[in-house]
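Good morning, colleagues. Please take a moment with the sequence and the structure on the screen, and then I shall go through a few local features.

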Amino acid sequence: MNATRVLRASAAAVLAAGVLAVSGCATADTAAVVNGERISETEVQQAVTSIKEVVPNAQIDTATALTLLVYAPFVTPVADRAGKGVSDSQVRASMDDASGRLSEAALELIRTSDLLNPNNPSALDQAQQNEAIAALHKAKITINPRYGTFDAKRIAFDASSPNWIKQTPTTTATPQG
């Protein structure tokens, strides 16, 4: 009888895993899937943590980190073709990261941020940005609902609250007297 319960529990676990696999984000640790390539929650969180270790006052959160990691596979090749590619060692040098504390995802995030920063003299120009945007329009991007949704037409994340989160109205007490 215990063997039957174990088999039923195993079948239920396999079914649950199958539901997750077809729901867009194949595992609980998936932040996004970009053209079949998974970006894990762990990668996103480690990127933010390692950047804040190197630059304690960095204004970076997981949503921004994920956005840049989603854009990276489209921005980096354009930069490489334009001769504006930046190596990991160049990113480390620009961040004073001689000890190698920055994760691979953090390096990619910083590289993408620099390439899109209009204040950076070696950033992509408008035509190059348009090339990356055109590739993004064609991409298959699925975002973990925790981060909202990805609008391919606007190339933007919509950080909407899930429908199960309800705002409770606040009431102001009127003084009696």
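Let me begin with Asp 96, which is found in the loop between α4, residues 88-94, and α5, residues 104-116. Please bear in mind that this is a predicted model. Asp 96 is not a glycine, and yet it has a positive phi of about 50°. Is Asp 96 buried or exposed? Its relative accessibility is 67%, and exposed means over 50%, so Asp 96 counts as exposed.

A second residue deserves attention here. Asn 35 lies in the loop between β1, residues 30-34, and β2, residues 37-40. The phi of Asn 35 is near 50°, again a positive value in a residue other than glycine. With a relative accessibility of 45%, Asn 35 falls between the limits of 20% and 50% and therefore counts as partly exposed.

The loop that holds Asn 35 leads us to the strands on either side of it. β1 and β2 run antiparallel and are joined by four bridges. Within this pair, Val 33 stands opposite Arg 38 in β2.

Now to the sheet as a whole. Three strands form an open sheet in the order β2-β1-β3, and the pairing is antiparallel. Which strands stand at the edges? They are β2 and β3, the latter covering residues 141-143. Each of these two has a single partner strand, so one side of each is left without a neighbour in the sheet. On average, neighbouring strands of this sheet are turned by 15° against each other, with direction ignored.

A helix accompanies these strands. α3 lies across β1, β2 and β3, and runs at about 20° to β1.

The axes of α2, residues 41-54, and α3, residues 62-81, come within 9 Å and cross at roughly 110°. How are α2 and α3 oriented to each other? Angles from 65 to 115 degrees count as roughly perpendicular, and α2 and α3 are therefore described in that way. The crossing in which α2 passes α3 is right-handed.

Which residues make this contact? From α2 come Val 44, Gln 45 and Val 48, and they meet Thr 62, Ala 65, Leu 66 and Leu 69 in α3. Of the residues in the contact of α2 with α3, five are nonpolar, two are polar and none is charged.

Thank you for your attention.

Note on methods: Residues are numbered from 1 along each chain as its sequence is written. This is a predicted model: local features need pLDDT of at least 70, side-chain atom pairs count only at pLDDT 80 or more; totals for chains, interfaces and linings use all residues. Side-chain values use heavy atoms; hydrogens and water are left out. Axes are lines fitted to C-alpha atoms, for helices over the stretch in contact, and angles run from 0 to 180 degrees between N-to-C directions. Angles under 35 degrees count as roughly parallel, over 145 as roughly antiparallel, 65 to 115 as roughly perpendicular and the rest as oblique. A crossing is left-handed if the near helix is turned anticlockwise from the far one by less than a right angle, and right-handed if clockwise. Contact means heavy atoms within 4.5 Å. Ala, Val, Leu, Ile, Met, Phe, Trp, Tyr, Cys and Pro count as nonpolar, Asp, Glu, Lys and Arg as charged, and the others, Gly among them, as polar. Buried means under 20% relative accessible area, exposed over 50%, partly exposed in between (1.4 Å probe, protein chains only). Two strands pair if DSSP finds at least two bridges between them.
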